Amino acid sequence: EERRAAGRLLKRLPWRPVMHFRPRQLKHVVRLLRKGKRGQAVDIRTDDMRGETQILVLAKNREGLFAGLTSAIAAVHIEIVAAHAFDIREGQVLDVFHVQDAGRKPMRIENDIERLKARIEKVLEGAHFEPPTEVMKVNVLMRRLPVVVRELPFASSRQTAIQVSAADRPGLLAELSHAIATAGVDIRGASISTFGEKVVDVFFLADRQGNPLHAKAVDDVFNRLQQVAELPEDS
């Protein structure tokens, strides 16, 4: 009966989030869907096999939600090594964050995990968090990585897909997400990857009516993302 109930829940989801998770991880997704109060829930668990902590967020989508979540996570001084955002059904999203502590290991301190969960729950309740601002050290390798912002025309037929490649730094994902939100554009999906010093982030964007962006809006988003991703000259 439990398997049949899980099957019914998963059949209601689009194929992309179902295919993204391994079977053992889908169990946690099902539990999250079951316990979601008013359509919202947070689950944080350690994945020793992958050497990371996984954050699952089920939420009602709203303007600036992804930016708020990334800002809340970045403020706890942990690294987001990968993230995915899925538009799972009308008005509801499933966001997945793979994070590590400063030592590139899973989070182990229970108080830190509870503090992180509380911050995320505040975002779901409507609290606003700005991207963290801190002085960073820029090394030679980071300088050698150019910023590339480009559209991926074949990545989606329903949204505008924009890819950002740049040198990684603390809080970058939060800054990029905030730049998109302030452009009056909705993030309908995301695929965030980190490769050493480099990040490759893909955002699936739509206007407030749910349509792909027109050319002027794309140029505006391009400019905002380019400015955010550029390294400061005096660091």
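Is D220 buried, partly exposed or exposed? D220 is partly exposed, because its relative accessible area is 30%; here buried means under 20% relative accessible area, exposed means over 50%, and partly exposed lies in between (1.4 Å probe, protein chains only). The points below place this residue and others in the structure.

1. Basis of the note. This is a predicted model, in which local features need pLDDT of at least 70 and side-chain atom pairs count only at pLDDT 80 or more, while totals for chains, interfaces and linings use all residues. Residues are numbered from 1 along each chain as its sequence is written, and side-chain values use heavy atoms, with hydrogens and water left out.

2. The sheet. Eight strands form an open sheet with antiparallel pairing, in the order β1-β2-β4-β3-β7-β8-β6-β5. Strands (E, at least two residues) and helices (H or I, at least four) are DSSP runs, numbered from the N terminus, and two strands pair if DSSP finds at least two bridges between them. The edges are held by β1 (41-47) and β5 (148-151); each has a single partner strand, so one side of each is left without a neighbour in the sheet. On average, neighbouring strands are turned by 15° against each other, direction ignored.

3. Strands β7 and β8. Strand β7 (residues 186-195) and strand β8 (residues 198-206) run antiparallel and are joined by nine bridges. Within this pairing, S191 stands opposite V202 in β8.

4. Helices on the sheet. Helix α4 packs on the sheet and touches β2 (52-60), β3, β4, β7 and β8, its direction making about 25° with that of β4. Helix α8 (residues 215-229) also packs on the sheet, where it touches β5, β6 (160-167) and β8; the direction of α8 makes about 15° with that of β6. Contact means heavy atoms within 4.5 Å. Axes are lines fitted to C-alpha atoms, for helices over the stretch in contact, and angles run from 0 to 180 degrees between N-to-C directions.

5. Burial of α4. Helix α4 is mostly covered, with ten of its ten residues buried. Among them are L65, F66, L69 and I73.

6. Helices α1 and α3. The axes of helix α1 (residues 2-11) and α3 come within 10 Å and cross at roughly 80°. The two helices, α1 and α3, are therefore roughly perpendicular to each other; angles under 35 degrees count as roughly parallel, over 145 as roughly antiparallel, 65 to 115 as roughly perpendicular and the rest as oblique. At their meeting place, E2, A5, A6, L9 and L10 in α1 meet L26, V30, L33 and R34 in α3.

7. Aromatic pairs. There are two aromatic pairs in the structure. Rings of Phe, Tyr and Trp (its six-membered ring) pair if their centres lie within 6.5 Å; planes under 30 degrees apart count as stacked, over 60 as edge-to-face and the rest as tilted. The pair of F21 and F86 is tilted, at 6.4 Å centre to centre and 55° between the planes. This pair links distant parts of the chain, 65 residues apart: F21 lies in the loop between α2 (15-20) and α3 (23-35), and F86 in strand β3 (residues 79-89). Both F21 and F86 are buried. The rings of F66 and F97 have centres 5.7 Å apart and planes at 25°, so this pair is stacked. Distant parts of the chain are linked here as well, with F66 in helix α4 (residues 65-74) and F97 in strand β4 (residues 92-100), 31 residues apart. F66 counts as buried at 5% relative accessibility, and F97 counts as buried at 0%.

8. Salt bridges. A search of the whole structure finds 14 salt bridges, each a side-chain nitrogen of Lys or Arg within 4 Å of a carboxyl oxygen of Asp or Glu. One of them joins the side chains of D220 and R224 (3.2 Å, N to O). Both residues, D220 and R224, lie in helix α8, four residues apart, about one turn of the helix. R224 counts as partly exposed at 31% relative accessibility. Salt bridges that share partners join E63, D87, D186, R188 and R208 into one network.

9. Two further salt bridges. The side chains of R208 and D186 meet at 2.5 Å, N to O. R208 is in the loop between β8 and α8 and D186 in strand β7, so that distant parts of the chain, 22 residues apart, are linked. R208 is partly exposed, with a relative accessible area of 34%, whereas D186 is buried, with 14%. The side chains of R8 and E1 form a salt bridge at 3.4 Å, N to O; R8 is partly exposed at 48% relative accessibility, and E1 is exposed at 58%.
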